[in-house]
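This report walks through a few local features of the structure below. Please keep the sequence and the coordinates at hand.

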Amino acid sequence: MSEKINEELVRQIITKVVSGYQEQNKVQAEEKPPVIKTVTCPVSEQDVEILVEASARHVHLTEEDIETLFGKGYKLTPVKKLTQVGQFACKERVTLIGPKNIYRNVAILGPARKETQVELSLTDARFLGVNAPVRMSGDLRDAADIIIATDKESIAAKGCAIVAQNHIHMTPDQAKQWCFTDGEEVSVKMSTARPLTFDGVVVRVSETAGLAMHIDFDEANACLFKDGDMGLIKRSRCGTTAQINLPKMKGEEKKLEMAVAINKRFITEEDIKKALKNVNYSGLTLPKAAILSAPAKDYINREKINITFI
Ligand SMILES: [Zn+2]
């Protein structure tokens, strides 16, 4: 037997062992769960300051109801422009009649709408004796019946009275700039003499929006609101702090995956598309209690979107 070492064989064995070790390391790296770190979204971290407007009780009327209450062919008389483009307060006034009480001299906001809607504070509703639910403007599910009258005529406005859900109006550009989505719920700290924070304030995005938050008189009184007072939209519930999954070491791929947050309870396919539009992130963080629509679930599976519940 030769005592000489076969150097070529040794080299081959070493190469095999080393490459096996490297392979093993690669497998381990692939199986490692992604490290999640919180990073700051590129959008400003600053709270967004917003003008607050308190809405007194008022009505919106259909063309038909305007004619019934004021006469055939009657047109409302604008006296004051509102912050929402095209909307105005009218010279005309109506009386609201409930089972318990009446309110005279109630404002009408124009222009005419598709549906007559009476907006009250909860105190107003109790005073009138009607059971008005808290609803976004335009959502008249279970809305209360009420009588709307003028000195000429009256109408039984069925399912018309609501307590308006507080909300913020902004344009699509503003929403994009501050990273808000239509329907998103935010918290607003009132900069008033008796400061308080409203949670669950709904963001409404529309082309005709004038940047403002709308509260009713109960809410205004609760925080000692006076005209010109501002609110701060807190960023903590928005997508400002996003989660980042560190590189997954999948082969050569070292893609950073960043998530945007949606802060809504019921999430549609549209919400997901909107949230991921114009950003290069492939992940989403959703509230633990979020309910996803069936098309939203399908979309997530189809697009392989990384979801984290927080
Ligand atoms: Zn409004």
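Is His 167 buried or exposed? His 167 counts as buried, at 9% relative accessibility. Buried means under 20% relative accessible area, exposed over 50%, and partly exposed in between (1.4 Å probe, protein chains only).

## Basis

This is a predicted model, in which local features need pLDDT of at least 70 and side-chain atom pairs count only at pLDDT 80 or more, while totals for chains, interfaces and linings use all residues. Residues are numbered from 1 along each chain as its sequence is written, and side-chain values use heavy atoms, with hydrogens and water left out.

## Zinc site

Three histidines coordinate the zinc ion at 2.1 Å: His 167 (NE2), His 169 (NE2) and His 214 (ND1). Donors are N, O and S atoms within 2.8 Å of the metal (3.2 Å for Na, K and Ca); water is not among the atoms, so sites may look incomplete. Along the chain, the zinc donors follow the spacing H-x1-H-x44-H. His 167 lies in strand E11 (residues 167-170) and His 214 in strand E14 (residues 212-216), so the pair ties together parts that are 47 residues apart in sequence. Helices (H or I, at least four residues) and strands (E, at least two) are DSSP runs, numbered from the N terminus.

His 214 is also buried, at 13% relative accessibility.

## Helix H6

Helix H6 (residues 269-276) has these buried residues: Glu 269, Asp 271, Ile 272, Ala 275 and Leu 276. Seen down the axis of H6, they fall within an arc of 160 degrees, so they line one face of the helix. The arc is that of the directions from the helix axis to the C-beta atoms. An α-helix has 3.6 residues a turn, so residues three or four places apart point the same way.

## Cysteines

The disulfide count is zero. A disulfide here is a pair of cysteine sulfur atoms within 2.5 Å. Cys 90 is buried, with a relative accessible area of 2%. Cys 179 is partly exposed, at 24% relative accessibility.

## Strand E15

Leu 232 sits in strand E15 (residues 230-233). Its relative accessible area is 24%, which makes Leu 232 partly exposed. The C-alpha atoms of Leu 232 and Ser 187 are separated by 8.2 Å. Along the chain, these two residues are 45 residues apart.

## Helix H1

Ile 14 belongs to helix H1 (residues 7-31). Ile 14 counts as partly exposed, at 47% relative accessibility.
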